[in-house]
Amino acid sequence: MKTKIENIIVPFDSDEVSMAAANYAVALAKKEQAKVVLFYVIEHPTEDTFSSMGVSGMPSFEGNIYIEKLIEKTEERMMKFINAHKEVEIKWHIKIGHPYDSLTEIISHEKCDLLVMGTHEAKNGNHGFIQSHTEKIVNHSVAPVIVMREAKDFLNCKSILLATDFRDLNAYFMNRVIAMQKLTGARLKVVKVNTPTYFKTTDEDEAQYHDFKNQFELPDHDFQIFNDYEAEEGIVKVAKAHKVDLIMVGNHRRSGIHRLLLHNTVENLIRQTDIPVWTWRLGLND
């Protein structure tokens with residue numbers, strides 16, 4: 001069962017948060033002797049796109065010039081970053097297409113073991129373009145994803161919080177959690193957040209925890225039961241109280257009517273914390 005990280009993909013742009021993700025990925029790659037792939041997607045501009053930029057009725061040849069200039073600028077930024085990190089093997093791809101579909105293709109093509117991406121919300125507080133694609137990727141990616149909102153130093157990761165309700169865990173998931181803990185050398189803390197919706201007694205939680213600990217042979221760690229109204233709020237409070245450097249959490253992916261009726265803990269967690277969040281869909285098999 002493969003746990004070593006060999007290929008890391010980073011959606012790359014010139015903003016601070018994507019640069020933070022790229023730096024985080026390079027530090028991780030250097031320690032794991034992995035390769036980094038920078039990836040940028042250009043959505044083909046339409047007349048509506050240019051109209052929103054203050055130029056309407058843009059002819060197609062003008063659109064092509066715009067794309068050529070954008071590619072040129074992006075290549076320059078990528079090469080500047082690559083030249084500043086020659087100690088790590090870094091490749092780059094630029095593609096014109098749909099962001100989510102293009103990223104899904106590159107994850108498969110590059111045999112991605114980890115996706116590291118920056119995210120932020122629109123200044124007006126609404127979930128903007130980047131945020132919406134982040135949530136879609138988190139819910140559907142076949143590779144684990146680290147999402148971050150600000151610059152963090154991977155080499156300074158001293159404490160990892162694994163948030164779990166013990167449902168749907170398997171060796172495929174847990175072996176990657178343990179591998180990340182060993183890679184960083186960080187202290188692992190396991191937390192179960194009880195909520196009114198999914199409440200269990202302390203005795204029930206502790207019984208589940210002991211079964212979980214014995215099944216996966218966890219390294220030395222701490223365990224805590226925490227009560228809150230929502231799981232993500234409890235996770236954030238515990239993470240802040242213990243000055244955690246990385247949150248790891250499984251994603252119970254929902255779709256259709258279930259997605260409308262039940263909120264997604266991982267999506268809300270990413271919105272509420274500045275701590276990097278490592279997540280992966282539960283239930284996947286080797």
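Welcome to this structure: the buried residues of helix H8 pack against strands S6 (159–163), S7 (187–194), S8 (221–227) and S9 (246–251), along with helix H10 (265–272). What you see is a predicted model. The points below start with H8, then turn to a pair of helices and to one glutamate.

**Helix H8**
- H8 covers residues 231–241, and its buried residues are Ala231, Glu232, Gly234, Ile235, Val236, Val238 and Ala239.
- An α-helix has 3.6 residues a turn, so residues three or four places apart point the same way.
- If you follow the chain just past H8, you come to Lys243, which has a positive phi of about 50 degrees.

**Helices H1 and H6**
- H1 spans residues 16–32 and H6 spans residues 171–184; the two pack with their axes 11 Å apart, at an angle of about 85 degrees.
- Angles of 65 to 115 degrees count as roughly perpendicular, and H1 and H6 are therefore roughly perpendicular to each other.
- On the H1 side, the contact is made by Leu28, Lys31 and Glu32, which meet Met180, Leu183 and Thr184 of H6.
- Sorted by type, the residues of this contact are three nonpolar, one polar and two charged.

**Glu135 in helix H5**
- Glu135 is part of H5, the helix of residues 129–140.
- Buried means under 20% relative accessible area, so Glu135, at 11% relative accessibility, counts as buried.
- Setting aside neighbours within four places in sequence, Glu135 is in contact with Glu267 and Arg271.
- The side chains of Glu135 and Arg271 are joined by a polar contact of 2.5 Å.

Key:
Residues are numbered from 1 along each chain as its sequence is written. This is a predicted model: local features need pLDDT of at least 70, side-chain atom pairs count only at pLDDT 80 or more; totals for chains, interfaces and linings use all residues. Side-chain values use heavy atoms; hydrogens and water are left out. Axes are lines fitted to C-alpha atoms, for helices over the stretch in contact, and angles run from 0 to 180 degrees between N-to-C directions. Helices (H or I, at least four residues) and strands (E, at least two) are DSSP runs, numbered from the N terminus. Angles under 35 degrees count as roughly parallel, over 145 as roughly antiparallel, 65 to 115 as roughly perpendicular and the rest as oblique. Contact means heavy atoms within 4.5 Å. Ala, Val, Leu, Ile, Met, Phe, Trp, Tyr, Cys and Pro count as nonpolar, Asp, Glu, Lys and Arg as charged, and the others, Gly among them, as polar. Buried means under 20% relative accessible area, exposed over 50%, partly exposed in between (1.4 Å probe, protein chains only). A polar contact is a pair of N or O atoms within 3.5 Å; within protein, one must be able to donate a hydrogen and the other to accept it, and residues adjacent in sequence count only if both atoms are side-chain atoms.
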